[in-house]
Each structure stands twice: as structure tokens, then as C-alpha cells.
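Hi there,

Here is the structure I promised to pass on.

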Amino acid sequence: MTRTVQVRRGAYQDSVSLMLISRELSDRPGVATVQVAMATALNLDLLSGLGFDLPEGTSPNDMVIAIDAADPTAAEATVAALDEALSRRPATAGALDPGAPPPATIGAAARRVDASFALISTPGRTATIDAADALAAGLDVMIFSDNVALAHEVALKRWADDAGLLVMGPDCGTAVVGGVGLGFANVVRPGPVGIVAASGTGAQQLMSLLDGVGLGVTHCLGVGGRDLSADVGGRSTLAAMDRLDADADVDTIVVISKPPAPEVAERVTSHARTLGKPVVIGYLGVGRPDLTETARRVAEATGTTWQPPRRWGADAPAPRGGYLRGLFVGGTLCDEAMILAAATVGRVASNIPLAGQPGLDAALTSVGHTFIDFGDDQLTSGRPHPMIDPSLRLERLRRELADPACGVVLLDVVLGHGAHQDPATDLAATIHGSSTPVVASLVGTRDDPQGLSDQAARLVEAGAIVHASNAAATREALSLLEVAR
């Protein structure tokens, strides 16, 4: 075998594009491994773990190319194919004149197409500048980017408040505006519900559960997971609630959030009482309703008959010893699972720990009952989100299934636009044959492109227990542990 490592200085490329190119090149004859990525610390650690010898002195602005091929000829041909793939340029957007030079700023682009809304998906260090440009042009803004400084978020939202505009995000992974999904959005049918979500996968779970009882959504306005923190003060949440209250197509408003700051939660709850439409509040937290219970309350508020979410798979096995290991791509789903688990087993460690609970070390070493959010900012700097690139979680899943201290694995599988086209197949291949029970929450709708029933069937065939409700999946996982009984 021939191992080749190249570093291209200052050759920045979007991480998702590099991941897709890596997958494409990995299918070439004579190629065992191809990894093309920016030289972030996380990516360098991953390549080192794969056995590649990496040069010193790289920076996150450098591109690293690592190839494990059958011989030098296959490696050279792979590099040539990489250069060809990198040279491809996306087609010019149809709304812009292909004969004109590309606009230099968001404001210039907005003037060409008479836009009112901008979606920002640039590296976090530059997303603030792009969002400010959009606000200056009078546009509402969705900031898909993560790794945006908290102080920058506060400044952007103050600006939007003063201008009567809306900032969705940063780290707004999911939105539906006028029935059009943006970011990681499930395919939902139109209906009377409008959602304000300080959560991405929490919004996806809620929309999927509502879709399961035939209840549609007109808008889902993501506001970023920090919006209900004390620093940000719920500025975008309040503005989004007002937008939905003024929308004739919305009959019922729902507000969901990761555990909010108490004073901000009260501010939002008080504001809800001033609106002309019924508002269902779904803050996650100890003693508060889980997302499935919030969905049930929304259904009742709209006069829709509630049905318990589906479960797929065989009967539960007998309880066993060991610890619960939660491996999540959704931060809110991880939060919800930890809240439920802590009420039963007490101590739960995480890289996004609950208040009063322990954190994990930099290597994310499991300590007792352990929950990892692979979508956390520290694990997505220079890498695609794990809903797109499952490699980090798959590797951890293999390790946990081989760990005799692991009693049960709990994980989430999130479908919809933007997500991996077939997440269940890789998970099923890893789970198959394991003696450790695996319980999964499957977040998706009947119209999602991956196929909800097909994804469930693949996981069940591999031996997993699958729930449409993350809360139900967590409770079943806990019931399989002797310590939880």
C-alpha cells in the first residue's frame, strides 16, 4: 500500500464540499482511504488516528490530502481526480444574470433580485460580517453558521431589534419559512402551527411528531440555541412570536427551547399572554414537559386527535448491567435525554453538561453514564455537521459497543433535507451482530427523502429498537439497565 499526505497552504474549501469529494474519490479502484479536509485540530487528530504521518506547522486555513492506495499510480490518479473535482464550479443561481460579474456583497446581491431574506452559511469568523451586511441592506437573516462569538450575536440582534428585522441564529440549523424548508428541515405539509425554536433538532422532533398525527406547519422560525440565555435575552424569540401573531395563516404558536435562563423564560411567557393567538410553551428542563408532551399539547390546542408516536422493533431484552452511553447528533435531543436520564440514574457526564453535572475531558472519555453531542461547536469546526458526515459518531459507536462497561447505547437518527441521504445503513452495519442493546430515536416525516419506514426497517433488521419519540427512546433505554430499576 502507498500512503500519501499533501498539505496545500491557504487553500480554503467548504468542509461539506471536501467531505463529498472524499466520498467520491474513495470509490476509485485501488483506493482504500481518501480524506480531504481543512487542517483543524480535530481533523488532524482524526487523520493521525487513521495512521497517517502529518507534517508540522499546518494551520486551519490549509487543506490536508491523505490517501491510502494500492500503489503510487493509484495515488497519483486520485490526486489528479481531486484536482479535477476541486476545479468544478457550481452553476450560477438562476435569479442572477449569468453574464454579469458576481455581486461582491450580500447587499449588492439583494439589490439585483429584490430580496427580503438572507441565509448565511459562511465560517463563523466571517458570518458576523456577512450578517451585518444583510441587516444593513434591510434583510431578515438566517445564520446557519456556528462558531459565532456570543458578543457578535448580541450586537446583531440589537441591531435587528432597532431596525424591525429578525435574526434567526447563529447556529440556526432548521427553519421553515412559508412552507419552504431551510437548513436541516424535515418535509412538512402546510398547516395552522407556527413554531419559534431556540433549538434545531428540537424543532425537527416537534415537526415530525406533529406530522405523525397529520398536523401541518406554516413556519418554523429557528432563533439559535443561545437566544434564551441571559446574555441574549430572547430578543429573536420575542420578535418571531410577534411575526407569527401577525400571520393570518398561523392559528397556534409554539415556543420550544433548550433549558432557558429563568428570567428570560418568564419574559417570553409573559409576552405570550399579550398575543392574540394561543401559545404553547415547551421549555426543556427538570420538571418540565418533554418534546413529545409538548407535541401532544399542541395537538390538543388545535383540536387534533393525539396518537402515541410509533415504536419499531422486537420486544425489549432483559435488563443488564453497565452504563448508558448516549451518542447524539442533535444537541437538544441530547439535552432532553440527559434530563430524563439524570432523574433516574443521577450522575450523567457530557461534553454539553447539564447544570450541576460533570463535563468530559478533551478526549471525550466515557465516565459512567455518558452523553455526547457530536454537533457541538468544538466538534464541527472545520468539519461537516454529524447529520451530514457520520464518521466521528460511527467510530465512537464501534468503541462503545466493544466496551464491556457499556450496557445500552442510545442514539438519534435525524432525517430531512440537508441530512445524510441514508444514515441508517452505516449505523445498521455497525450495530449488526452486537450483543449490546441499541435504542434509537428516529426523527423524520412521511415525506422525508430518506424514507421514514425504510430507515426504521434497516435499523430494526440490525437489531435496534426504534422510536419516533426521543423521550420514549430514552425511557426504554433506561428500562434496559439494572441500575435504573
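How do the residues of the lining of the largest cavity divide into nonpolar, polar and charged? Eight are nonpolar, one is polar and one is charged. Please keep in mind as you read that this is a predicted model.

Searching the whole structure turns up three cavities of 30 Å³ or more. The largest cavity has a volume of about 90 Å³, and the residues that line it are Val329, Pro386, Met387, Pro390, Arg393, Val413, Val414, His420, Pro423 and Leu427. Strand E17 (406-414) and helix H14 (423-431) are the elements that give two or more residues to this lining.

The second largest cavity holds about 50 Å³ of space. Around it you will find Phe374, Leu379, Arg383, Pro384, Pro386, Asp389, Ser391 and Leu392. By class, that lining has five nonpolar, one polar and two charged residues.

Now for an open space. The second largest pocket contains about 1200 Å³. Its lining is made of 45 residues, and those nearest the centre are Leu46, Arg383, Ser391, Leu392 and Glu395. Two or more lining residues come from each of helix H1 (15-26), strand E2 (31-38), helix H2 (41-49), helix H12 (377-380) and helix H13 (391-402). H13 gives the largest share, seven residues. Divided by class, the pocket lining has 20 nonpolar, 14 polar and eleven charged residues.

Three strands form an open sheet in the order E4-E5-E6, with parallel pairing. Strand E4 (117-120) and strand E6 (167-168) are at the edges and have a single partner strand each, so one side of each is left without a neighbour in the sheet. Strand E5 (residues 140-143) runs parallel to E6 and is joined to it by two bridges. To find your way there, look for Met142, which stands opposite Met168 in E6. Helix H5 (residues 124-136) lies across E4, E5 and E6, and runs at about 165° to E5.

Happy browsing, and do write back with any questions.

Best wishes

Key:
Residues are numbered from 1 along each chain as its sequence is written. This is a predicted model: local features need pLDDT of at least 70, side-chain atom pairs count only at pLDDT 80 or more; totals for chains, interfaces and linings use all residues. Side-chain values use heavy atoms; hydrogens and water are left out. Two strands pair if DSSP finds at least two bridges between them. Helices (H or I, at least four residues) and strands (E, at least two) are DSSP runs, numbered from the N terminus. Contact means heavy atoms within 4.5 Å. Axes are lines fitted to C-alpha atoms, for helices over the stretch in contact, and angles run from 0 to 180 degrees between N-to-C directions. On a 1 Å grid over the protein atoms alone, a cavity is a set of points where a 1.4 Å probe fits but cannot get out, and a pocket is an open set with protein on both sides within 12 Å along at least five of seven lines; lining residues have an atom within 4 Å of a point. Grid points are joined across faces, edges and corners, and a volume is the space filled by probe spheres set on the points. Ala, Val, Leu, Ile, Met, Phe, Trp, Tyr, Cys and Pro count as nonpolar, Asp, Glu, Lys and Arg as charged, and the others, Gly among them, as polar.
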